[in-house]
Each structure stands twice: as structure tokens, then as C-alpha cells.
Amino acid sequence: MYREEYAAYVTLIQQRLSAKRFAHSMNVAKEAVLLARRCGADEKKAYLAGVLHDVMKEESPQVQMAVMRRAPEPWDPVTLSARPLWHAKAGAVFCQQELGITDRDVLNAIAYHTTARANMSPLEIALYLADYIGEDRHYDDVDIMRDKTRRSIHEGMRYALIYTITDLARRGKAIHADTLGAYNQVVLSERKDDSCEQK
Ligand code: DGI
Ligand code: FE
Ligand code: FE
């Protein structure tokens, strides 16, 4: 779709990731473009964010933490304690500092692709949902998740957040305040339409 324009990033991702994770990244990029179109987000930015979102995923926790620590602000205790969150934060720092990406919306979409947060931009929502419904995804409720998202972005967000929070709580994991913030906003909002506006 935008593969030629971003060929250098696609090659970088292919070199840094396993074949499986590379395929996932390309699926997410494709799906993010379709969702961006529906939400009125920039399709090119959605493609770029999709390609790069898991760039740090296969680095060791030590490397992820070292990259994260290059951010100007300190990280909160839950982020520091929850390893699955590190690749998202390190990914945004890497894209900014090493790849020279300056677009704040793209960097935020990567930084928040794992936790979500309240007041997400349409681009952030497109990437967050794309990560759940890409072709390579296989988890118990993936068909329901795809169906809900097909019907409405709001329903997709609602289902994804309920699924994630329930799963984390069942496993006794810490839940980041940003995830709870996203959840509360979605369940308190009455919207049932296909808009990405969360207000
Ligand atoms: O990188 P992917 O596998 O494509 O997907 P992802 O970036 O959404 O990561 C999913 C993992 O992140 C999964 O193991 C659940 C975990 N996770 C998501 N939100 C939270 C979380 N873990 C903790 N501890 N707290 C959260 O709020
Ligand atoms: Fe991820
Ligand atoms: Fe992912």
C-alpha cells in the first residue's frame, strides 16, 4: 500500500525481527490503514506506525530498558515493573532518536499501542485496534473482536479493553493507569457510532 515509500523502514523491520513478527508488523500496517480511513486519520502515518510499532519487541529486556531510559522524562513505577510495556515505550524513543521520526502522533501511537490511554487520537486508535485484529492474530475471542470492530470502532475499543483488563486481572498482573483511563472513557461514553472521536 505505502510499502514502496517506506521501503527503508520495511527493510529495517525485516532485519530486526523474526519472520513471524515481521509478518505481524506488515499485517498491522495494512489493517491500520483501513482503520485510519474509517476514522479520518492519516493513512500514510497509520502505515508507518504499523510497520514500526513493534521495532523493539525482540530486543532483550536490558536493551529495551536502556533505550527507554533515554527519554527525557522518568517513567512511572507500573511502566517500569511491567516488561510487556517496555517495547512500546522503547519503540517510540528509538523511532524518534535513531530514525529521526518527528511526527508526535506517530510517536504517540507507538508509545501507547500496548496500554492505550484516555483521549486517544484517531491515529492512536487505528494502531491500537489494528494490533488486535491483524490476520496473524489468534486468541480466544479474535473473531468476536474482528466482528465488533467491523461494526463500530467504539465497540471494538470497548471489547479490546474489557478483554485485556480481564485477562491481566485474572493473571494477577498490574494494570497501567492509562489502560484503566481508556477503559473508563469508553464505558462512560454513550457513543455507538463509528467515530474515532472519544470526547
Ligand atoms: O506486541 P504485541 O504482542 O503485538 O501486542 P501488545 O504490544 O499489545 O502487547 C501485549 C502484551 O502487553 C500482553 O502480554 C498484555 C500486555 N499488557 C497490555 N496492557 C498491559 C499489559 N501488561 C501489564 N502488566 N499491564 C498493562 O496495562
Ligand atoms: Fe506491541
Ligand atoms: Fe504488535
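Ala, Val, Leu, Ile, Met, Phe, Trp, Tyr, Cys and Pro count here as nonpolar, Asp, Glu, Lys and Arg as charged, and the others, Gly among them, as polar. The model is predicted, so local features need pLDDT of at least 70 and side-chain atom pairs count only at pLDDT 80 or more, while totals for chains, interfaces and linings use all residues. Residues are numbered from 1 along each chain as its sequence is written, chains are lettered from A and ligands numbered from 1 in the order in which they are written, and side-chain values use heavy atoms, with hydrogens and water left out.

**Figure 1. Second largest pocket.** About 290 Å³ of space lies in this pocket. Of its 16 lining residues, Ala71, Pro72, Trp75, Val93 and Arg104 are the closest to the centre. The lining divides into nine nonpolar, three polar and four charged residues. H6 gives the most, with five residues. A pocket is an open set of points on a 1 Å grid over the protein atoms alone, where a 1.4 Å probe fits, with protein on both sides within 12 Å along at least five of seven lines; lining residues have an atom within 4 Å of a point. A volume is the space filled by probe spheres set on the points, which are joined across faces, edges and corners. Helices are DSSP runs (H or I, at least four residues) numbered from the N terminus.

**Figure 2. Largest pocket.** The volume of the largest pocket is about 910 Å³. Of the 33 residues that line it, Lys57, Pro84, Thr114, Tyr132 and Arg137 are the closest to its centre. H10 provides the largest share of the lining, four residues. The lining holds eleven nonpolar, eleven polar and eleven charged residues.

**Figure 3. Iron site.** Donors are N, O and S atoms within 2.8 Å of the metal (3.2 Å for Na, K and Ca); water is not among the atoms, so sites may look incomplete. Aspartate 54 bridges this ion and the iron ion (ligand 3), the two lying 3.5 Å apart. Aspartate 54 and histidine 113 are both buried, meaning under 20% relative accessible area (1.4 Å probe, protein chains only).

Figure 4. Contact means heavy atoms within 4.5 Å. Tyrosine 128 touches residues including His113, Met157 and Leu161, not counting those up to four places away in sequence.

Terms used
Buried means under 20% relative accessible area, exposed over 50%, partly exposed in between (1.4 Å probe, protein chains only). Helices (H or I, at least four residues) and strands (E, at least two) are DSSP runs, numbered from the N terminus.
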